[in-house]
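Here are a few friendly notes to read alongside the structure. Take them in order, and keep the view open as you go.

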Amino acid sequence: MMQACLNGPRTAADSGAVPLSPAALAEAARRAVAAGAEDVHVHPKTPCGTDSLSPRVLAPVLEAIRAAVDVPVGVTTGAWAEPDPARRVARIRAWTALPDHASVNWHEPGADEVAAALLARGIGVEAGVWSGTAGAEHFARSALAPRVLRVLAEVTDTDPASAPRTAQALLAALAGIPHGRPVLLHGWDGGAWPVLRLACRLGLATRIGIEDTLLLPDGAPATDNAQLIVSAQQLAYVTAGEGGRG
């Protein structure tokens with residue numbers, strides 16, 4: 001499965017390719033799905049460009065994207081959008097439009113409570129387990145681990161040389177947790193493409209988009225999410241071919 005992560009916490013200051021408004025996100029989703037994405041992850045933003053969990057911000061984004069594509073749509077619940085765990089839970093309970101799934105970073109305070117609030121509303125949980133954090137340890141202790149939709153193995157190492165090794169270590173840690181859920185492996189910035197290649201070699205779900213990288217595999221700036229998805233599909237095809245040789 002290839003997920004498109006359309007914008008993340010990035011802003012217009014990072015790149016003109018970052019979609020911000022509901023209309024821009026809907027068009028980005030349409031183009032990404034047409035390019036081969038099977039799932040969409042988005043960060044709804046205020047008019048000022050900051051991530052928000054407010055029902056008034058979330059609903060227009062979901063409505064616009066769902067009018068443009070017919071694939072699952074997920075959102076963030078990152079602590080940067082609402083630092084107080086209790087307020088984060090209150091926001092989720094107040095949502096008037098519901099995403100298909102939402103990511104929960106397990107190293108953040110209140111992860112279990114946030115995940116429980118999502119599950120209570122019938123929203124799938126993507127368990128974000130970041131390398132370089134205690135996320136795997138916290139997730140291993142969670143009673144909700146077997147109930148999540150999938151695990152997002154998120155490689156925070158942005159060095160292209162070492163990111164695949166960091167990814168392998170993270171996957172090894174997750175393998176020791178009896179969660180029984182599928183894993184989506186992805187990297188960030190300099191580590192995005194090397195980790196995507198590893199995910200393809202291992203037959204794991206992965207993701208790509210403006211949230212994870214602003215650059216194509218050759219280092220050129222990406223014009224939009226669709227261009228990144230096309231590059232990822234080509235890379236996946238080549239990697240699959242390499243795996244069948246010998």
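1. **The largest pocket.** Strand S4 (101-105) and strand S6 (150-155) each give at least two residues to the lining of the largest pocket. This is a predicted model, in which local features need pLDDT of at least 70 and side-chain atom pairs count only at pLDDT 80 or more, while totals for chains, interfaces and linings use all residues. Residues are numbered from 1 along each chain as its sequence is written, and side-chain values use heavy atoms, with hydrogens and water left out. Helices (H or I, at least four residues) and strands (E, at least two) are DSSP runs, numbered from the N terminus.

2. **Its size and lining.** The largest pocket holds about 230 Å³ of space. A pocket here is an open set of points on a 1 Å grid over the protein atoms alone, where a 1.4 Å probe fits, with protein on both sides within 12 Å along at least five of seven lines; lining residues have an atom within 4 Å of a point. There are 16 lining residues, and Pro9, Trp80, Trp188, Arg207 and Glu211 lie nearest the centre. By class, the lining has six charged, five polar and five nonpolar residues.

3. **The barrel.** Eight strands form a closed barrel with parallel pairing, in the order S1-S2-S3-S4-S5-S6-S7-S8. From one strand to the next, the twist averages 25°. Two strands pair if DSSP finds at least two bridges between them; strand S3 (residues 73-76) and S4 have three, in the parallel sense. Thr76 stands opposite Ser103 in S4.

4. **Two aromatic pairs.** The whole structure contains two aromatic pairs (ring centres within 6.5 Å, using the six-membered ring of Trp). Trp106 and Phe139 have ring centres 5.2 Å apart and planes at 80°, so this pair is edge-to-face (over 60 degrees). Trp106 sits in the loop between S4 and helix H4 (111-120), and Phe139 in helix H5 (residues 135-141), 33 residues apart.

5. Trp130 lies in strand S5 (residues 124-130) and Trp188 in the loop between strand S7 (183-187) and helix H7 (192-202), so the pair ties together parts 58 residues apart in sequence. Trp130 has 17% relative accessibility, so it counts as buried.

6. **An exposed loop residue.** Where is Pro178 found? Pro178 is in the loop between helix H6 (163-175) and S7, and at 75% relative accessibility it counts as exposed (over 50%).

Note on methods:
Grid points are joined across faces, edges and corners, and a volume is the space filled by probe spheres set on the points. Ala, Val, Leu, Ile, Met, Phe, Trp, Tyr, Cys and Pro count as nonpolar, Asp, Glu, Lys and Arg as charged, and the others, Gly among them, as polar. Rings of Phe, Tyr and Trp (its six-membered ring) pair if their centres lie within 6.5 Å; planes under 30 degrees apart count as stacked, over 60 as edge-to-face and the rest as tilted. Buried means under 20% relative accessible area, exposed over 50%, partly exposed in between (1.4 Å probe, protein chains only). Axes are lines fitted to C-alpha atoms, for helices over the stretch in contact, and angles run from 0 to 180 degrees between N-to-C directions.
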